[in-house]
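I set down what I looked up, entry by entry.

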Amino acid sequence: VDQGRHRAVEEKNLGVWAQLSGELPAGNMRFLYDVGVRTVETDQNSSGYNSGVWVTVNRDKYRDTLPSLNGALWVTDNLVIRGAYAETLTRPALGNLSPGGSVDSFNFIINFQNPALDPTRSDNIDLSVEWYFADEAVLAFAYFTKDIESFPIRESRTGTFASTGLPLSVIAPTSTASQNPEGTCGDPAGCWEISELSNGPGADLDGYEISFQAPFDGIFGTEIPVIRNMGFIGNYTYVDSKVDYNYSGNTVRERLIGLSNDSYNATLYYENNAFSTRVSVANRSDYLESGPNRSGNLWQFNDGSTYVDFAATWSVNDSLQLTFEALNITDEAFETFVDTDANRRLESYATGANYL
């Protein structure tokens, strides 16, 4: 039995909410709003193998009250200013709530889960200005900010097998560690990479997004045949985040894991009643993939990437439609590195383009 993969988690959620929506007079303008509040109670228990024994952890119930407010001021029929405030809750993934863990005694890796993980709670503010300057066309600017209380993070350390308190029986009898549980790496701190889930630090982030969408004939008219039925959709997003991570007892300030500072998307399309085609570009800058300690390295991160895709659809008649797609046309590779100073390559792989 692979004890680390046997687990059971039960979660019961009971919530009530109230909402008020309406419209207030604002001279020649329209102001629409909704305001609400949700109260939710979470009851959770988790079971799993810990030190070879099946244990169950019954967590105390926790309750959250989450207010929200949205408003939209229509300055004209084509221009709207929006604002929103909300307190939000995202519970941990059920697979992370086991009181047990897994032991890879071939590679000297131990992963612990955590039944006491807190939800990710945040206060969010969003503001935007949207201009609908033509049919099916919009130019918008949005600003957003988040104050994140905490979020689950996997922290790693190098240590001895004895420091985990696990029994020797969890080591596979055919593995390298079965002959010498502490290994032969020569590191006084031990040979095992011990990974544990914790509630992690909080984070502050803010950013903005610029988006644009328009059919060309809505801008230039229908007099130019070559651009008739063509259009463009695009957006650019910038995010700045700050998190104080723990790295071997020291505080290291970096951005939020999994978050790129810059990203953009662009799509050029053509469509009529029978045929449509589009080519899309998606780009994101580099981003951190995991916590600050990967085998003793400060950060594991993924390189920036740009993907180009193509799609076309032909409706032959009411009963037959043909589609063609080409994904990752440029065969963009997925590149992962460790150590932000040395940029040591961890892995690189490419799938080739996919044609469907």
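**Entry 1: salt bridges.** I searched the whole structure and found 12 salt bridges, a salt bridge being a side-chain nitrogen of Lys or Arg within 4 Å of a carboxyl oxygen of Asp or Glu. The model is predicted, so I note that local features need pLDDT of at least 70, that side-chain atom pairs count only at pLDDT 80 or more, and that totals for chains, interfaces and linings use all residues. Residues are numbered from 1 along each chain as its sequence is written, and side-chain values use heavy atoms, with hydrogens and water left out.

I then looked up single pairs. Side chains of opposite charge can pair when their charged atoms come close.

I found aspartate 118 and arginine 59 joined by a salt bridge of 2.8 Å, N to O. This pair links distant parts of the chain, 59 residues apart: aspartate 118 is in the loop between E7 and strand E8 (120–134), and arginine 59 is in the loop between strand E3 (53–58) and strand E4 (62–74). Strands (E, at least two residues) are DSSP runs, numbered from the N terminus. I sorted accessibility by relative accessible area: buried means under 20%, exposed over 50%, and partly exposed in between (1.4 Å probe, protein chains only). Arginine 59 counts as buried because its relative accessibility is 17%, whereas aspartate 118, at 27%, is partly exposed.

I next examined glutamate 130 and arginine 82, whose closest N and O atoms are 3.0 Å apart in a salt bridge. Here too distant parts of the chain are linked, 48 residues apart, with glutamate 130 in strand E8 and arginine 82 in strand E5 (residues 79–90). Glutamate 130 is buried at 12%; arginine 82 is partly exposed at 30%.

**Entry 2: asparagine 124.** I located asparagine 124 in strand E8. Is asparagine 124 buried or exposed? Its relative accessible area is 6%, so I recorded it as buried.

I listed its polar contacts, meaning pairs of N or O atoms within 3.5 Å; within protein, one must be able to donate a hydrogen and the other to accept it, and residues adjacent in sequence count only if both atoms are side-chain atoms.

**Entry 3: serine 105.** I placed serine 105 in the loop between strand E6 (101–104) and strand E7 (109–112). Serine 105 is buried because its relative accessibility is 2%. Its side chain makes a polar contact of 3.0 Å with the side chain of serine 175 and reaches the backbone nitrogen of alanine 172 at 3.1 Å. With neighbours within four places in sequence left aside, Ile171, Thr176 and Trp192 are among the residues in contact with serine 105.

**Entry 4: an open sheet.** I traced 4 strands forming an open sheet with antiparallel pairing, in the order E17-E20-E23-E24. Strand E17 (287–288) and strand E24 (344–349) are the edge strands, each pairing on one side only. Two strands pair if DSSP finds at least two bridges between them; strand E23 (residues 334–338) and E24 pair over 5 bridges. The bridge partner of valine 338 in E24 is arginine 344.

I also found arginine 344 in a salt bridge with aspartate 339, with closest N and O atoms 3.0 Å apart.

Terms used:
Contact = heavy atoms within 4.5 Å.
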